[in-house]
Amino acid sequence: MSHTPKKQTSGTIAKDRLKLLLISERVDCSPEVMERMKDDMIQVISKYMLVDTGEFDIRITKEKTDEQTGEGRQSLYANIPIKGKKTSSSLS
């Protein structure tokens, strides 16, 4: 059983690129690095699960942990829709 990603429209692609750009600016990370990180996650998870790559979303959030200095920590969140798990015969 092979996984074929859905065809994305130019609007969807532009929206995804804009989201990655905004996230990357927030964490001082280039959009190219964010895209590579997203692709790497998809590649690793796809070894074991059928992933809906069209709906895959990553975000980096920043929360204040010190009210006086304004310092905080960043967290990476990934929304990875899973279509199902791969059968043992299809694991690579």
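**Contacts and confidence**

Me: Which residues does N79 touch, not counting residues up to four places away in sequence?
Reply: N79 touches E55, F56 and D57 on that count. This is a predicted model.

Me: How far apart are the C-alpha atoms of N79 and D57?
Reply: They are separated by 5.1 Å, with the two residues 22 apart along the chain.

Me: Where is N79 found, and how accessible is N79?
Reply: N79 is found in strand β3. Its relative accessibility is 47%, so N79 counts as partly exposed.

Me: What about S75, buried or exposed?
Reply: S75 counts as buried because its relative accessibility is 18% and the cut-off for buried is under 20%. S75 is placed in strand β3, which covers residues 72-79.

Me: And which residues is S75 in contact with, neighbours within four places in sequence aside?
Reply: S75 is in contact with R59, I60 and T61.

Me: Switching to S46. Where is that?
Reply: S46 is in the loop between α2 (31-45) and β1 (49-51). S46 is buried, with a relative accessible area of 18%. Leaving aside neighbours within four places in sequence, S46 is in contact with V51 and K86.

Me: What does the protein average in pLDDT?
Reply: The average is 77, and 75% of the residues score at least 70.

Terms used. Residues numbered from 1 in each chain as written. Predicted model: local features only at pLDDT ≥ 70, side-chain atom pairs only at ≥ 80, totals over all residues. Heavy atoms only, no water. Helix = DSSP H or I, 4+ residues; strand = E, 2+ residues; numbered from the N terminus. Buried < 20%, exposed > 50% of the residue type's maximum accessible area, 1.4 Å probe, protein only. Contact = heavy atoms within 4.5 Å. pLDDT = per-residue confidence, 0-100.
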